[in-house]
Amino acid sequence: MNLKEMINDNIAVLDAESNHQEMLAEQKLERQLEALRELRDEIQPTIKEAGYHIALFKQNKVFAKKMRTYEETWERSDEHVWLIQIEFEYSKCLKNTGESESYYAPTTRYAGQHCGSNASAYIKFTWDDDKGLYHIIPNVAFAANEEVKELDPLTYQELKGTKEMVIERLAIVLANAMQYEKREAECFAKHQAWKESLNG
């Protein structure tokens, strides 16, 4: 076998390996979609009934988690994953109660602190294919980037578990978020009534 034939043989091996990796990646995405579609179909009616928005879509992997440091905001990836996202844009009292994922640079005096106030609220779900578990990532019902002491601490905690486990956690998160929403709505109504009384 001459050099040219050996080069061609090696190229063929590399191509085969590349095709195999692409096939595995596609199969992984299919499993993610299947698992998340099953979860979405189960929780969607209740989410819509509550007046919130839920979507299942494919996104860059870096957005399938909650940013917690300045360095994480600079992460890049070519990998895409499926995820579920619950949003609260139709709720005046909840839509902007997410903990900010923007941080001051390490070179500043405010290193590690949030830039600005609260951000858009969400609850994300992903599928860990290696462990065969769902992952719930709640980011709602924060007040000025702080956890509200009157709410259950589990409202703010991520969890990896079975479908039943993450649905149980979702129930806790939503119950507390709704309680916060109700309280804020009552405060807003009282404030409006007070303003109107001044004008009267």
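## Elements and basis of the model

Helices (H or I, at least four residues) and strands (E, at least two) are DSSP runs, numbered from the N terminus. The structure described here is a predicted model, in which local features need pLDDT of at least 70 and side-chain atom pairs count only at pLDDT 80 or more, while totals for chains, interfaces and linings use all residues. Residues are numbered from 1 along each chain as its sequence is written, and side-chain values use heavy atoms, with hydrogens and water left out.

## The largest nonpolar core

A nonpolar core is a set of buried Ala, Val, Leu, Ile, Met, Phe, Trp, Tyr and Cys residues joined through side-chain atoms within 4.5 Å, where buried means under 20% relative accessible area, exposed over 50%, and partly exposed in between (1.4 Å probe, protein chains only). The largest such core has 34 residues, and the members that touch the most others are Ile86, Phe88, Ile123, Phe125 and Leu170. Two or more residues each come from helix 1 (3-49), strand 1 (53-60), strand 2 (80-87), strand 3 (122-128), strand 4 (133-139) and helix 2 (163-199). Helix 1 gives the most, with seven residues.

Contact means heavy atoms within 4.5 Å. When residues up to four places away in sequence are not counted, Ile86 touches Ile43, Ile47, Tyr52, His53, Ile54, Ala121, Tyr122, Ile123, Phe125 and Leu170.

Met1, Leu3, Met6, Ile7 and Ile11 make a nonpolar surface patch of about 530 Å². Patches are made of residues with over 30% relative accessible area and no salt bridge, with like charges joined within 9 Å and nonpolar side chains (Val, Leu, Ile, Met, Phe, Trp, Tyr) within 5 Å; a salt bridge is a side-chain nitrogen of Lys or Arg within 4 Å of a carboxyl oxygen of Asp or Glu. Accessible areas come from the Shrake-Rupley method with a 1.4 Å probe, and for residues only the protein chains shown count as cover. Ile11 is found in helix 1, and its relative accessibility is 42%, so Ile11 counts as partly exposed.

## Loops around strand 5

Ala141, in the loop between strand 4 and strand 5, has a positive phi of about 70° although it is not a glycine, and Ala141 is buried because its relative accessible area is 0%.

The loop between strand 5 (142-143) and strand 6 (146-147) holds Asn145, and Ala144 is found in the loop between these strands. Ala144, also not a glycine, has a positive phi of about 55°, and with a relative accessible area of 61% Ala144 is exposed. Asn145, by contrast, is buried at 10%, and, leaving aside neighbours within four places in sequence, Asn145 is in contact with Gly98, Glu99, Ser100, His114, Gly116, Ser117 and Asn118.
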